[in-house]
Amino acid sequence: MSTAETTMEDAAAPRLTQLTEGRKLLIFGIMAFGQFMALLDTQIVAASLNSIQAGLSAGPDEIAWVQTAYLMAEIVMIPLAAFLSQAISTRWLFTASAVLFTISSLLCGFAWNIESMTIFRAIQGFVGGAMVPTVFATGFALFTGKKRAMIPAILGMVSTLAPTLGPTLGGWITEASSWHWLFFINIVPGAAIAILLPILGKVDKANPDMLKRIDWLHVLSLAVFLGALQYVLEEGPRYQWFEDDTIKTVTWVSVVGAVVFFERSFFSTMPVLKLTPFRKPTFALACLLNLVIGFGLYSATYLTPIFLGRVRDFSSLEIGTTVFVSGIFMMFSAPLAAKATTVLDQRIVISIGFSLFALSLWLFSGITSDWGFWQLFTPQAIRGFALLLCIVPSVGMALNGLGPDELRYGSGLFNLMRNLGGAIGIATVTTWLQDFGRINAARLGEDVSAHGLNALGGAAARISAYTPDPARAQSILEGKVAQLVGQQALTLAFQDVFFLMSIMFVAALVIVPFCKTVILSDKAEPVSGH
């Protein structure tokens, strides 16, 4: 390696200052809370879109941008955070993110139309995205040995509990006050983070010279590639994918952005995102497992409220109470997952996690139109318990083997894979649900035989004896039958989707034996072994 390259790598590596254990824990706790805020806001509007739509006088197609704009901007920032934390330091990047997140939250609460809300939500998602990978990298840099094993457990719980809690908290806030407070609640904690973090001390040193040599084409191509991809995945199912000209155009834009992005990643003298962590096979395989985890996490979290709302006609509060079961069991498994990764081969832990997750999805595949809180309790409890048994070892396998100069980039790439897995998952299961729903509706329609129609006609005839409008009586009965067929077709579609997802988690177990395990010691740095 040349002297110039060595100097560049040294400048990029984290330069940790001496901090007491108490101060390290305080810094990490404040940053973890900031991450919780950013992730909570991805889903906090989900149960309140109708109220926001009415408040902004927006159309049904326009209101989706309240969520889409946030997710598109967030997914662009996540991989950029590594470069920025080196250039301006972790402390000031996180502080700036907290300040701008607080201001953009205030602006979202005061938004006067859908256009202003979309812009403010994009800013909120962009600056909030910097908090997510930065916490992972900082936690792994500050702590070693068995203390480090708690980092993925804590952050895994934060990153899964926040999106799960989001719709419940959002629905409650909207009912208790107004949708404006979905955003105003960020102001006090955001301001507290922005004040406290700079006071606590440096985590690393800045290297502002990196900003002078930044490859702006790489930044632009990254934004175009990931932003357009997120748009396609969000809007594709709604517009029947490539049957829509806009989806086709945006897909080509994403492909062009990807080509330029990868060319700059390999040949730029100052890339904003280094792909070097993928040289380590275990990191690459852990990212692939994280893609599957993101698929399962976000898809299952998305599907359960959809079922409860469309099939069972539950209220927002009833849905929130039901889906929060997985969050409770997630908290139970956090200490167990952290302990297990210090005494067991991480491949064993993640295999147990994936197997339990597959079991929960398989149990979901037996869902019927009568399922409510107690029928969903066991599958949700198993899924919540299994989730951190998947996430904690996957984080350890991905990041423990990285050197200081690659840790930030590895954290950004690893978190990006989970977000991409979630985006791909929601787009895929939405398409499956639509397709299987149509297929099952057609099959059930065929099963309504001539005898069934005659029976329906007989029932209508008996009702006509008590009503002056027999034609209306038959029309009502036919409508009820059509409604029942639609409900059962949708329920069968949920069964099919959950079954396919369970198969995917079983198939992913094939990857696990090819990963290296990492043994953590109380007094030593992590040691890789086979």
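Tutor: Arg264 and Asp215 form a salt bridge, with 3.1 Å between the closest N and O atoms; the term denotes a side-chain nitrogen of Lys or Arg within 4 Å of a carboxyl oxygen of Asp or Glu. Arg264 belongs to helix α13 (residues 245-267) and Asp215 to the loop between α11 and α12, so the pair ties together parts that are 49 residues apart in sequence. Helices here are DSSP runs (H or I, at least four residues), numbered from the N terminus. Arg264 and Asp215 are both buried, a class that means under 20% relative accessible area, with exposed over 50% and partly exposed in between (1.4 Å probe, protein chains only). Through shared partners, salt bridges join Asp215, Glu263 and Arg264 into one network.

This is a predicted model, in which local features need pLDDT of at least 70 and side-chain atom pairs count only at pLDDT 80 or more, while totals for chains, interfaces and linings use all residues. Residues are numbered from 1 along each chain as its sequence is written, and side-chain values use heavy atoms, with hydrogens and water left out.

The salt bridges number 9 by this rule. One of them joins the side chains of Asp41 and Arg121 (4.0 Å, N to O). Asp41 lies in helix α2 (residues 21-43) and Arg121 in helix α6 (residues 114-128), so this pair links parts 80 residues apart in sequence. Asp41 and Arg121 are both buried. Lys212 and Asp209 also meet in a salt bridge (3.7 Å, N to O), and both lie in helix α11 (residues 209-212), 3 residues apart, about one turn of the helix. Lys212 is exposed, with a relative accessible area of 70%, whereas Asp209, at 39%, is partly exposed.

As for the nonpolar cores, each is a set of buried Ala, Val, Leu, Ile, Met, Phe, Trp, Tyr and Cys residues joined through side-chain atoms within 4.5 Å. The largest has 112 residues, and Phe494 is among those with the most contacts inside it. Beyond its neighbours within four places in sequence, Phe494 is in contact (heavy atoms within 4.5 Å) with residues including Leu303, Ile306 and Leu433.

Turning to the largest pocket, 45 residues line it, and Leu49 and Ile306 are among those nearest its centre. A pocket is an open set of points on a 1 Å grid over the protein atoms alone, where a 1.4 Å probe fits, with protein on both sides within 12 Å along at least five of seven lines; lining residues have an atom within 4 Å of a point. Helix α18 gives the largest share of this lining, 8 residues.

Notes: Helix = DSSP H or I, 4+ residues; strand = E, 2+ residues; numbered from the N terminus.
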